[in-house]
Amino acid sequence: MTTQPPAIGTPLSELDTPALLVDLDALEHNFAHISELYADSVCKMREHAKNIKTPAILHKQIEAGGTVGGVCAAKVAEAEVMVEGGIKDILITSQVVTPDKIARVCSLSREADTKVAIDDERNLRLISSISDRADTDVGVLIEVNTSMDRAGIRRTEQGINLARLATDLPGVTFRGVMSHQSISGDPDTETRFSEGRRWMQMCVDVGNAIEDAGIPVEIVSTGETFTIDVAPGMSEVTEVQGGTYALMNTTSAYMEDFQFAAKILTTVISRPSDHIAIGDVGYRALAAPNGVLPSVEGHDDIEVDSLAPDHIILKSQDAMPLRVGDQFLLLSAQQDILVNRWDRFIGVRNGLVESVWPILARGCHH
């Protein structure tokens with residue numbers, strides 16, 4: 001059963017908890033920062049839909065500026081929701097290899113500028129065959145493995161050969177190269193820049209080699225939230241696949257230009273001792289990747305001890321400041337897992353509900 005959404009104007013104190021909130025002032029701050037950062041840059045933002053899964057919110061960054069006018073999607077089903085939601089420029093950042101899903105991509109290409117990642121000749125030929133029969137055109141970007149060691153070509157020659165093949169095959173258009181990166185821990189600015197440049201340069205180098213082979217490269221799509229301010233300084237990079245920055249999470253708190261927008265409103269339902277409180281949300285609704293638990297906003301004196309399926313256990317060294325019936329806000333360590341566990345975002349400003357957005361791409365794994 002799905003609960004009814006709250007009415008616009010409802011005070012936070014009257015919201016049914018737990019609830020996934022979006023601090024609208026923080027969200028708009030984050031979007032405005034991107035708009036300003038990329039205003040005079042060749043490099044633009046291609047926000048990743050897997051982090052928000054809600055076209056209405058993704059449109060807000062496009063409208064604010066600083067973007068390519070489109071988004072990334074991790075899966076075909078996610079891309080379909082974005083196109084249905086009026087977004088007309090899509091990059092599917094995972095390989096699409098089965099005939100049924102390729103046919104769906106071809107259908108999307110009739111409605112939007114649709115591109116997919118590739119790293120395999122047989123896959124490219126299958127996309128070409130299906131797209132040609134459907135009388136459509138699908139853009140392809142060659143994925144380059146950098147720091148993730150998952151999908152992506154491992155040798156520059158592979159990239160050149162795939163690009164050459166894509167220019168010869170019907171039903172597809174070679175558009176460029178792309179890559180993903182990651183960084184662990186709490187890096188300082190110098191580390192972010194040095195590591196980010198090193199990984200992104202691997203993608204740039206493949207693009208340059210393809211151009212040296214006489215094949216134009218339109219798109220170099222690389223970079224993450226941790227390199228949002230690094231990528232504009234690399235002249236060949238045309239777009240960044242940022243996602244976390246919009247809502248933010250605690251493991252990316254070192255990116256101090258962004259504010260926490262996603263928050264989980266919950267209520268104390270028990271206080272079994274002077275140092276322990278129990279809240280009404282658990283791991284069914286929260287994300288704790290690699291055991292990294294959420295934190296309580298505004299309460300450095302309270303730590304999250306553990307999560308049960310539907311409860312959170314809080315502990316404090318001194319007397320627990322939260323009482324039964326008190327509301328408190330949680331900040332998650334990982335947002336795309338978090339978002340996928342909820343039906344809606346509740347946008348709040350000045351303590352009141354201002355917007356309610358269904359999370360339309362929730363569960364779009366295919």
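**View 1. Ala134 in the loop between α5 and β6.** Ala134 sits in the loop that links α5 (121-133) to β6 (138-143); helices (H or I, at least four residues) and strands (E, at least two) are DSSP runs numbered from the N terminus. The model is predicted: local features need pLDDT of at least 70, side-chain atom pairs count only at pLDDT 80 or more, and totals for chains, interfaces and linings use all residues. Residues are numbered from 1 along each chain as its sequence is written, and side-chain values use heavy atoms, without hydrogens and water. Ala134 is partly exposed, at 24% relative accessibility (buried is under 20%, exposed over 50%, partly exposed in between; 1.4 Å probe, protein chains only). Residues up to four places away in sequence aside, Ala134 touches Cys106 and Arg110 (heavy atoms within 4.5 Å).

**View 2. The crossing of α4 and α5.** The axes of α4 (residues 99-109) and α5 come within 9 Å and cross at roughly 55°. Axes are lines fitted to C-alpha atoms, for helices over the stretch in contact, with angles from 0 to 180 degrees between N-to-C directions. From α4, the contact uses Pro99, Ile102, Ala103 and Cys106. From α5 come Asn123, Leu126, Ile127, Ile130 and Ser131.

**View 3. Ser316 in strand β14.** Ser316 belongs to β14 (residues 312-316). Ser316 is buried, at 6% relative accessible area. A polar atom of the Ser316 side chain lies 2.7 Å from the backbone oxygen of Asp318. Neighbours within four places in sequence aside, Ser316 is in contact with Asp274, His275, Asp301, Ile302 and Pro321.

Conventions. Polar contact = N/O pair within 3.5 Å; in protein donor to acceptor, adjacent residues only side chain to side chain.
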